[in-house]
Amino acid sequence: MARPDTPAVFRDLAYRSRTLVLTDGRTFAVERSRIEASDPALIAFLSQNREFERQPPSAVPAEPTAEA
């Protein structure tokens, strides 16, 4: 199960890169067909748009850890 502070990850099914503009004017970037969202308005937008597919937490690669 994902931690509450873990952003939702969506895959863009239509474009590899683009800029999304919400109705309030805020912009969000899709890069390499991927966008991370922790903002509730952005998550709602992505969830309702058929061009985006939410990825299960297990499909999200872990951040590399820095080794001392």
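Guide: Let's start with two terms. Strands (E, at least two residues) and helices (H or I, at least four) are DSSP runs, numbered from the N terminus. Two strands pair if DSSP finds at least two bridges between them. A quick word on the source: this is a predicted model, where local features need pLDDT of at least 70, side-chain atom pairs count only at pLDDT 80 or more, and totals for chains, interfaces and linings use all residues. Residues are numbered from 1 along each chain as its sequence is written, and side-chain values use heavy atoms, leaving out hydrogens and water.

Visitor: How do you know that strand 1 and strand 4 pair?

Guide: DSSP must find at least two bridges, and these strands have 4, in the antiparallel sense. In one of them, Phe10 has Ile35 of strand 4 as its bridge partner.

Visitor: What makes strand 4 and strand 5 edge strands?

Guide: The open sheet runs in the order 4-1-5. Strand 4 and strand 5 (52–54) each have a single partner strand, so one side of each lacks a neighbour in the sheet.

Visitor: Why is Ser33 called buried?

Guide: Buried means under 20% relative accessible area, exposed means over 50%, and partly exposed is in between (1.4 Å probe, protein chains only). Ser33 has 15%, so it counts as buried. You'll find Ser33 in the loop between strand 3 and strand 4. Its contacts (heavy atoms within 4.5 Å) include Phe10, Asp12 and Tyr15.

Visitor: What makes Glu53 and Arg11 a salt bridge?

Guide: The rule asks for a side-chain nitrogen of Lys or Arg within 4 Å of a carboxyl oxygen of Asp or Glu. Here the closest N and O atoms are 2.8 Å apart, so the pair passes that 4 Å rule. Glu53 lies in strand 5 and Arg11 in strand 1, so the bridge ties together parts 42 residues apart in sequence.

Visitor: How many salt bridges does the rule give?

Guide: The count comes to 6. Among them is Arg18 with Asp12, at 2.6 Å from N to O. Asp12 is buried, at 4%, and Asp12, Arg18 and Glu51 are linked in a network of salt bridges.

Visitor: What makes a set of residues a nonpolar core?

Guide: They must be buried Ala, Val, Leu, Ile, Met, Phe, Trp, Tyr or Cys residues joined through side-chain atoms within 4.5 Å. The largest such core here has 11 residues, including Phe10, Ile35 and Leu42.

Notes: Lists of a residue's contacts leave out its neighbours within four places in sequence.
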